[in-house]
Amino acid sequence: MSTEKIKAEVRTEFGKGAARRIRRDNNVPAVVYGHGNETIHLTLPGHATMMALKHGGANALLELDIDGTSQLALTKQVQVDPVRRVLEHVDFVAVVSGEKVTVDVQVIIVGEALRGTLVVTENTSVQVEAEATHIPESFEVNIDGAEAGTQFLAGQLDLPEGTTLLTDPETLVVNVTEQVAAEPDAESAESAGEASAAEGGDSE
């Protein structure tokens, strides 16, 4: 996992009014928790932070330059305006290089199962423990050629060295089942019958 470097400014104004002024200047308010230190309130550059979070994914690790002091910060919660799609607020947890952290990592399906099957994702992520600077961006489940009845469990995921699975290894992640053709409901069957009767009447 690469680390994006962002220049941050310590924030001294708080409240909704202050947050609105920060966003109006194309910046984003943020906080950093952790390691027994007092919570640090920051202002981050909006565009640069948005791009860093997009690049890093759900567990983006940023290197914050706070008044000349470098602080590694792991993304924990991101608030985005539902209409304008801009950052509203970001919560970080302070970490140090080599420290183990607990995170949820996304599971991605690749490949195609056999025709006539239905692929169901039972869990979209699994929880792991990994070094803060080596958090996997995602885990792949290759279903290529899988037949009905095939199940992929959390314990079958290919984890990189230094990463420990915390989710129960028996947890079902992806389930390949037989595709069942949908039966017409009673209303559809009745409509079809009426249409057939009507056609029969027209031919007389």
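**Figure 1. The overall fold.** Helices (H or I, at least four residues) and strands (E, at least two) are DSSP runs here, numbered from the N terminus. By that count, the secondary structure of the protein comes to three helices and 13 strands. This is a predicted model, so to speak of local features takes a pLDDT of at least 70, and side-chain atom pairs count only at pLDDT 80 or more, while totals for chains, interfaces and linings use all residues. Residues are numbered from 1 along each chain as its sequence is written, and side-chain values use heavy atoms, with hydrogens and water left out. Of the 204 residues in the protein, 32% are buried (under 20% relative accessible area; exposed is over 50%, partly exposed in between, with a 1.4 Å probe and protein chains only). Contact means heavy atoms within 4.5 Å. Among contacts between residues at least 6 apart in sequence, 62% join residues at least 24 apart.

Figure 2. A bit of background on the method: rolling a probe the size of a water molecule over the atoms shows where empty space is left. The search runs on a 1 Å grid over the protein atoms alone; a cavity is a set of points where a 1.4 Å probe fits but cannot get out, whereas a pocket is an open set with protein on both sides within 12 Å along at least five of seven lines, and lining residues have an atom within 4 Å of a point. Grid points are joined across faces, edges and corners, and a volume is the space filled by probe spheres set on the points. The largest pocket comes out at about 270 Å³. It has 15 lining residues, and the closest to its centre are R23, N27, R84, V86 and L87. Two or more lining residues come from each of α1 (16-24), β2 (27-33), α2 (46-56) and β6 (87-95). The top contributor is α2, with five residues.

**Figure 3. Two non-glycine residues with positive phi.** N26 sits in the loop between α1 and β2. Its phi is positive, about 65 degrees, although N26 is not a glycine. N26 counts as exposed, at 60% relative accessibility. R85, in the loop between β5 and β6, also isn't a glycine, yet has a positive phi of about 60 degrees. R85 is exposed too, with a relative accessible area of 53%.

Figure 4. A salt bridge is a side-chain nitrogen of Lys or Arg within 4 Å of a carboxyl oxygen of Asp or Glu. Searching the whole structure turns up one salt bridge. The partners are E13 and R21, with the closest N and O atoms 3.4 Å apart. E13 is partly exposed at 45% relative accessible area, and R21 is partly exposed at 38%. Now for D65, which belongs to strand β4 (residues 61-66). D65 is buried but has no salt bridge, and the nearest side chain of opposite charge, K7, is 4.0 Å away (Lys and Arg count as positive, Asp and Glu as negative; His and the chain ends are not counted). Setting aside neighbours within four places in sequence, D65 is in contact with K5, I6, K7 and A8.

**Figure 5. L44 and its surroundings.** L44 is part of strand β3 (residues 40-45). Its relative accessible area is 0%, so L44 is buried. Beyond its neighbours within four places in sequence, L44 contacts I6, K7, A8, N27, V28, A30, T49, L64 and F92. The C-alpha atoms of L44 and E9 are separated by 6.7 Å, with the two residues 35 apart along the chain.

**Figure 6. T150 in its loop.** T150 is placed in the loop between β10 (138-142) and β11 (151-153). With 23% relative accessibility, T150 counts as partly exposed. Not counting residues up to four places away in sequence, T150 touches V174, N175 and V176. T150 and T177 are 27 residues apart along the chain, and their C-alpha atoms are separated by 7.2 Å.
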